[in-house]
Amino acid sequence: MLPTDRLYKTGDLVRYGNDGQIEFVGRIDDQVKIRGFRIELGEIETVLNQHPQVKEAIIIAREDQPGVKRLCAYIIGHKKLSISELRLFLQEKLPQYMIPSFLIILEAFPLTANGKIDRRLYLNQHLS
């Protein structure tokens, strides 16, 4: 990189390689690209958390088949919560490309030793 070159704040995490080239490592934020659409996972979580029967929700972009990413919602809800009701709720509030392929209701989220939600556990599980 030359002193006259510009760097732009993009949300990408990069590092300099040994050869001086910039190497893409990942994203700093929760933005993902699925089927050509850039999606902020937090936007979907916010909408899900507006549903009166949802206590908490997290969204993950899963890649169970190489090159095929799909949105997956993990939700802690009240006993009366149904998947079909949630899907209808999301269809009223979000464009189709932002509606998760999978809606999974849990009793609790697995936590790390530090008490944070273990998102890596979800990424490493395979959907059946």
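The following questions and answers concern a predicted model. Local features need pLDDT of at least 70, side-chain atom pairs count only at pLDDT 80 or more, and totals for chains, interfaces and linings use all residues. Residues are numbered from 1 along each chain as its sequence is written, and side-chain values use heavy atoms, with hydrogens and water left out.

Student: Which pattern does the protein chain follow along the sequence?
Tutor: Helices (H or I, at least four residues) and strands (E, at least two) are DSSP runs, numbered from the N terminus. The protein chain has three helices and seven strands. Read along the sequence, the pattern is β-β-β-β-α-β-β-α-β-α.

Student: Which residues form the aromatic pair, and how is it arranged?
Tutor: Rings of Phe, Tyr and Trp (its six-membered ring) pair if their centres lie within 6.5 Å; planes under 30 degrees apart count as stacked, over 60 as edge-to-face and the rest as tilted. A search of the whole structure finds one aromatic pair. With centres 3.9 Å apart and 10° between the planes, Phe37 and Tyr97 are stacked.

Student: How many residues apart are Phe37 and Tyr97?
Tutor: Phe37 lies in strand 4 (residues 37-40). Tyr97 is in the loop between helix 2 (83-93) and strand 7 (102-106). The pair links distant parts of the chain, and the separation is 60 residues.

Student: Is Phe37 buried or partly exposed?
Tutor: Buried means under 20% relative accessible area, exposed over 50%, and partly exposed in between (1.4 Å probe, protein chains only). The relative accessibility of Phe37 is 35%, so Phe37 counts as partly exposed.
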